[in-house]
Amino acid sequence: AEYHSRWVVQQLRQHFDLTIFTTTAQDYITWEEIYPPGEDEIDGVKIRRFPVPEQRDLDEFNDYSAWIYNNPHRRVDEERWLRLQGPYCPEMIEAIREERNNFDGFLFFTYLYYTTVKGLEEVAHKSILLPTAHDEQAIRLEMFREVFESPKGYLMNTNEERRFVYEMFGTESKPHAL
């Protein structure tokens, strides 16, 4: 997903003024902060990095995932799972909320993470989701129904991904591109 997002940015930067909102983490297993927070520029694209104040405890996350996938639960349980999944990055969500009117659109990569779920809650009306969706237990959590119903459209990697999302969430009427 990281390489894919970089490739998409390289294509879009030729036509659009882009700002990337990302975290200071490099490793999606721990969310350990590697990069300094703040602004940077890479190849003419503004990068804004936000701190991840809570690293992931993989054992706790895996134990909680096993529980939530196999037991009745409430929305608050899914919210806890999402925070444990990470990257828990409330400063990024606050920046999206405060600056949403400064951008014509938002593109979110990968449905699975806190930054996508909470970011879409702020700007769904002008967002595109590139979900990288596949058949896994997490996608069946109820909160992801809202994630897939909320964006204005989709970028899909394959026809199989498109079919899967359509069948899971009934999103055939939303615009999409492969």
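I started with charges over rings: R49 lies over the face of Y35, 4.0 Å from the ring centre. My cut-off for that: NZ of Lys or CZ of Arg within 6 Å of the ring centre and within 35 degrees of the ring normal. R56 does likewise with F61, at 4.8 Å from the ring centre.

Housekeeping: this is a predicted model, so I asked for pLDDT of at least 70 for local features and 80 or more for side-chain atom pairs, while totals for chains, interfaces and linings use all residues. Residues are numbered from 1 along each chain as its sequence is written, and side-chain values use heavy atoms, with hydrogens and water left out.

Next, ring pairs. I paired rings of Phe, Tyr and Trp (its six-membered ring) with centres within 6.5 Å, calling planes under 30 degrees apart stacked, over 60 edge-to-face and the rest tilted. That gave 14 aromatic pairs. One of them is Y64 with W67, tilted, at 5.5 Å centre to centre and 40° between the planes. Both sit in helix α2 (residues 58–70), 3 residues apart, about one turn of the helix. Helices here are DSSP runs (H or I, at least four residues) and strands likewise (E, at least two), numbered from the N terminus.

I checked burial too: buried is under 20% relative accessible area, exposed over 50%, partly exposed in between (1.4 Å probe, protein chains only). Y64 counts as buried at 10%, while W67 is partly exposed at 33%.

Y69 and W81 make another tilted pair, 6.4 Å centre to centre with 55° between the planes. Y69 is in helix α2 and W81 in helix α3 (residues 75–85), so this pair ties together parts 12 residues apart in sequence. Y69 is partly exposed at 24%; W81 is buried at 1%. Ring pairs also link Y69 and W81 into a cluster with F61, Y111, F144, F148, Y154 and F169.

I looked up F148 separately, with contact as heavy atoms within 4.5 Å. Leaving aside neighbours within four places in sequence, F148 contacts residues including Y111, L129, I139, Y154 and F169.

Last, the whole chain: I noted 7 helices and 7 strands, and 45% of the 178 residues count as buried.
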